[in-house]
Amino acid sequence: MDAYDTGSDARQGRDREGGQGAPDRPDRKDHPSLVDQPSLVDQPDQPDRQDLPDLPDQPETSVGTDGGREEADGADARAVTAEPRQATTAPRTGLSALSPRYQVAAVVALAVVAVAVCAHIGLVFLHVAPSNTLTKQHGEVVDEWVFPEFEQNWKLFAPNPLQQNVSVQLRAEVSTADGAIRTTGWYDLSAEDGRSIDGNPLPSHTQQNELRRAWDFFVATHDSDDRAVGLRGTLSETYLRRIAVLRLDRNDAAGPDGAVERVQYRSRTTNVEPPSWSGEKVSDRPTYRELPWWPVAAREKEGDAA
């Protein structure tokens, strides 16, 4: 039978190198060098090599894409193995990372800020608290610190908070270049302030509170007949006249070669509509309060207010 027949029991390739049919190599069973070799099973157990010193870790190797073995950085591996391990400490953060001089400066700065915050909170508390011994003795100090930037009031949290919208309006009598007198229309100053604040992330204190505070100051120091009560009433009138001249000049109410002779204020008050579930009924008709005409001083007309 043919040795290369797939159906035969002969091992294929035995006639090749090292096979039985190879002329230059004897059969493996008859070769003396193979016969004399003891089998691996018959070899005695090797004793544990405990007397050998521990070998350093071998550098890692990796097989490259081309089939070759690429040795890792052996020098770095040996250096890491040879260096003794050192205890690692966490890096210092915060104040501990600063030098002693800067630590002292930081502590002092924090102490100053803490004292300032506590003093501010205390003064604001005395401002909104009922009258007491401290406010009687140090009321001027409290007012100087609180007004005008840190003013606080209880109108929002009162049992009956403000439920009205008050709009302050102004008009003027203007003398023209030919000697005639004309009266301007009403300027809604509150609406102008509202437009300047709307959409402004950082509105100024003047835009928010100047006109409102001036009108509240006037109402608190005058009676129902618009007569001043004490010296503060006269001061509130002067303050409102100064604001009127500034606002009219901003709106160019006098026109070219004109001058403001007199000014008149009025307030327009409307009730805030109550919620539908309250069942409360209020009038939706506005009410007006007109003040008398005030003459404008010559120094004010010359722009001293600006």
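User: Is D223 buried, exposed or partly exposed?

Analyst: Buried means under 20% relative accessible area, exposed means over 50%, and partly exposed lies in between, with a 1.4 Å probe and protein chains only. D223, at 24% relative accessibility, therefore counts as partly exposed. This is a predicted model, in which local features need pLDDT of at least 70 and side-chain atom pairs count only at pLDDT 80 or more, while totals for chains, interfaces and linings use all residues. Residues are numbered from 1 along each chain as its sequence is written, and side-chain values use heavy atoms, with hydrogens and water left out.

User: With which residue does the side chain of D223 meet in a salt bridge?

Analyst: Side chains of opposite charge can pair when their charged atoms come close. The criterion for a salt bridge is a side-chain nitrogen of Lys or Arg within 4 Å of a carboxyl oxygen of Asp or Glu. D223 meets R227 in such a bridge, at 3.2 Å from N to O, and R227 is exposed, with a relative accessible area of 52%. R227 also forms a salt bridge with D225, where the closest N and O atoms are 3.4 Å apart.

User: Which residue forms a salt bridge with R289, and where do the two partners lie?

Analyst: The partner of R289 is D226, with 2.6 Å from N to O. The pair links distant parts of the chain, 63 residues apart, since R289 belongs to strand 7 (residues 287-290) and D226 to the loop between helix 6 (205-220) and helix 7 (231-250); helices (H or I, at least four residues) and strands (E, at least two) are DSSP runs numbered from the N terminus. R289 is partly exposed, at 24% relative accessible area, whereas D226 is buried, at 16%.

User: How many salt bridges does the whole structure hold?

Analyst: A search of the whole structure finds seven.

User: How do helix 3 and helix 4 cross?

Analyst: Two packed helices are described by the angle between their axes and the distance between the axes. Here the axes of helix 3 (residues 100-128) and helix 4 (residues 133-146) come within 9 Å and cross at roughly 115°, where axes are lines fitted to C-alpha atoms over the stretch in contact and angles run from 0 to 180 degrees between N-to-C directions. The contact, meaning heavy atoms within 4.5 Å, involves residues including H120, L123 and V124 of helix 3 and L134, V142 and W145 of helix 4.
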